[in-house]
Number of protein chains: 2
Amino acid sequence: MLFTDADYHYMQRALLLAKKGRFTTSPNPNVGCVIVKDAAIIGEGFHQKAGTPHAEVHALAMAGELAKDATCYVTLEPCAHFGRTGPCALALVKAGVKRVVVAMIDPNPKVAGGGIRILQEADIQVDVGLLTKEAELLNPGFITRMKHQRPRITVKMASSLDGKTALKNGVSKWITGADARADVQYYRAQQSAILTGNQTVLADDPSLNVRYQELLNSASFDRELLTESKLRQPIRIILDSHNKLTLNEKLFDLPGKVWIISTVERDTTGFSTKKALIEQIIVPANNNNQIDLQALLTTLNAREINDLWVEAGATLAGEFFKEDLVDEFILYQAPKLLGDQGRNLVNLPEFSTMNDIVNLTLHSVVKVGDDIRLINHRE
Amino acid sequence: MLFTDADYHYMQRALLLAKKGRFTTSPNPNVGCVIVKDAAIIGEGFHQKAGTPHAEVHALAMAGELAKDATCYVTLEPCAHFGRTGPCALALVKAGVKRVVVAMIDPNPKVAGGGIRILQEADIQVDVGLLTKEAELLNPGFITRMKHQRPRITVKMASSLDGKTALKNGVSKWITGADARADVQYYRAQQSAILTGNQTVLADDPSLNVRYQELLNSASFDRELLTESKLRQPIRIILDSHNKLTLNEKLFDLPGKVWIISTVERDTTGFSTKKALIEQIIVPANNNNQIDLQALLTTLNAREINDLWVEAGATLAGEFFKEDLVDEFILYQAPKLLGDQGRNLVNLPEFSTMNDIVNLTLHSVVKVGDDIRLINHRE
């Protein structure tokens with residue numbers, strides 16, 4: 001299939017629409033849809049939130065009867081299952097569209113192609129593969145989970161030029177500047193969940209939430225896209241293998257869900273007295289009597305966590321690297337030197353050859369205020 | 001003085017010419033000159049090497065008798081002293097130019113303004129201050145030395161993302177890639193001298209020279225600018241306070257000058273049997289019985305070292321930072337993690353508050369092959 005300039009134009013528009021959902025659709029994917037007839041857009045929409053209509057439904061509603069014989073551009077294969085909104089493929093058939101252009105097929109191997117089959121059986125022309133790469137970038141976590149049955153994992157850290165996260169005495173406020181911290185808020189707001197360890201919680205007493213006022217300070221954030229009332233708090237996941245948390249930590253008194261991951265059951269008395277909606281999840285221990293990360297990820301997959309954002313200390317971050325579970329490593333780096341006495345970024349085993357170290361690929365580097373943000377991907 | 005578009009145009013040309021000398025003029029500054037008459041360039045030139053004619057002499061030679069009533073653009077105030085080529089200011093007077101545009105006055109407080117005075121006394125119109133900032137960037141080391149009586153110091157290091165320079169066992173080949181190492185050659189070629197400590201020499205046995213074949217691999221290098229025969233080797237300066245060097249180290253058998261800096265005299269037998277031209281320089285010890293860096297810099301100033309490039313280990317680099325002697329810190333950073341067991345970038349005292357750490361300002365960050373080059377300046 002050779003796509004026309006017009007095809008590219010309308011699919012670009014659909015991609016742009018899809019992106020508008022990035023703070024709210026989790027655990028659903030971001031999807032955009034544009035319906036075109038006689039070189040004019042007659043309907044468009046994007047998926048906004050799980051439980052509300054899919055992108056195609058919005059676009060068809062806007063197009064109304066004009067949808068007959070129109071062309072539909074959609075960034076993800078229309079669904080074929082009877083969920084809360086009925087199969088979108090069937091809705092397109094009913095509306096009488098003539099052609100459907102699809103950026104990418106459903107990444108879930110169990111359902112892939114089902115929506116396209118419904119359309120083709122109704123004699124609708126289906127063209128697949130326009131701007132596929134761009135469409136994949138809309139939903140990296142969703143795609144990872146569908147393909148590998150685990151969340152996509154981003155480890156985020158902040159350090160000095162010499163890779164130190166704090167002084168020897170633990171003082172770390174602040175290595176990076178306010179702009180970098182606002183940028184973190186921008187990323188957090190797009191995650192399904194934020195994970196850390198009990199050591200970080202006990203040492204720093206962090207909130208681990210998204211703060212709208214700080215989000216507004218991020219140069220990347222567009223306030224038109226997300227009003228404060230629509231802000232979705234990522235689930236906070238705390239690894240606490242042996243129940244060291246006291247519940248007096250600050251994050252339990254902030255609204256939103258908190259999942260405590262342990263290897264042994266704890267006394268849940270007091271959960272209900274906190275502002276957060278707290279749940280304990282038991283996961284098997286590994287050989288070191290710590291939480292088995294692979295088992296944890298299986299659990300998080302079942303709970304539809306697409307994008308897992310890890311903000312942990314040197315030990316827990318090191319565990320994720322050691323088990324080769326890091327898809328993306330985002331490092332905010334300040335132009336400072338703390339010296340050899342400072343605390344190290346990541347704990348790893350002693351390596352005897354360069355073949356054993358962690359190799360990544362630099363994806364991008366940009367200035368954020370006085371600091372830089374390095375995005376690295378698995379090699 | 002309001003400069004015209006034509007003035008900017010010709011001074012830009014003079015700046016471009018000046019840059020052509022950057023691998024060869026040390027210890028002299030880079031200077032470019034353009035002579036213009038009736039909207040045409042009638043003469044131009046740049047300073048190429050100490051002991052050869054200044055930029056103005058080249059340009060005047062090219063212009064010949066046409067120089068009468070012409071305008072001369074020069075990136076640095078014409079000299080007023082009778083050196084190897086006679087005072088350029090006087091040559092301009094003799095040639096009968098009508099106007100001289102000067103980007104910046106001589107940074108040496110003892111001579112600043114002398115050249116301009118000669119011109120003005122001959123009733124030549126002199127306009128100073130066009131593209132001054134750009135002209136200053138031609139000669140940062142020369143300017144620092146003239147103003148502060150010490151070389152400009154750049155510390156260069158290479159590390160992983162987590163600030164490690166080697167594995168615990170010392171293995172460090174290679175953290176950064178071939179492109180980054182070629183880039184280092186490009187910088188080395190522009191230095192007056194390359195400094196390191198005896199520990200680095202004894203551990204790594206480095207050449208510390210400029211290798212033309214590697215220089216050719218640098219994306220920044222223009223082979224038209226520097227043929228192999230014109231390659232100037234920066235002076236290699238090794239701090240060896242208590243004469244631990246054996247002279248069997250590789251760098252002594254490579255052509256070029258080597259200065260051994262010690263606090264006590266050594267046996268110089270064997271100096272003459274080496275390919276390098278070796279000299280020992282005695283410098284006072286500091287309280288720790290190590291070389292007093294301030295005293296060393298005074299010595300290097302007297303020896304006309306403008307640009308000092310430090311490629312040292314964590315201890316010596318740390319000494320330069322501790323004494324606030326680092327004007328520029330260039331870090332090549334590879335997207336790798338070596339972990340907490342790796343060797344630290346820079347040794348500094350234990351700091352108890354964030355007020356005590358080394359703060360720098362990020363000047364630029366670019367990708368170099370798979371790595372990045374961060375240039376930081378003193379805050």
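**Figure 1. A salt bridge joins B:Lys168 to A:Glu350.** The closest N and O atoms of B:Lys168 and A:Glu350 are 3.8 Å apart; a salt bridge is a side-chain nitrogen of Lys or Arg within 4 Å of a carboxyl oxygen of Asp or Glu. The count between chain B and chain A is two salt bridges. The model is predicted: local features need pLDDT of at least 70, and side-chain atom pairs count only at pLDDT 80 or more, whereas totals for chains, interfaces and linings use all residues. Residues are numbered from 1 along each chain as its sequence is written, chains are lettered from A and ligands numbered from 1 in the order in which they are written, and side-chain values use heavy atoms, with hydrogens and water left out.

**Figure 2. Chain B and chain A bury about 3,700 Å² between them.** Buried area is the accessible area (1.4 Å probe) that two parts lose on being put together, summed over both. Of this area, 63% lies on carbon and sulfur atoms. B:Leu161, B:Leu337 and B:Met354 supply 19% of the area that chain B buries against chain A, more than any other three residues. In terms of contact (heavy atoms within 4.5 Å), 47 residues of chain B meet 47 residues of chain A.

**Figure 3. Strand β14 of chain A (residues 336-337) runs antiparallel to β16(B).** Two bridges join these strands; strands are DSSP runs (E, at least two residues) and helices likewise (H or I, at least four), numbered from the N terminus, and two strands pair if DSSP finds at least two bridges between them. A:Lys336 stands opposite B:Asn359 in β16(B).

**Figure 4. B:Glu56 is a buried residue of chain B.** B:Glu56 lies in helix α2 (residues 55-63) of chain B. Its relative accessible area is 4%, and B:Glu56 therefore counts as buried (under 20% relative accessible area, with exposed over 50% and partly exposed in between; 1.4 Å probe, protein chains only). Leaving aside neighbours within four places in sequence, B:Glu56 is in contact with B:Cys33, B:Val74, B:Leu76, B:Pro78, B:Cys79, B:Cys88 and B:Leu92.

Figure 5. A:Leu161 is buried, with a relative accessible area of 2%. A:Leu161 and A:Gly339 are 178 residues apart in sequence, and their C-alpha atoms are 9.6 Å apart in space.
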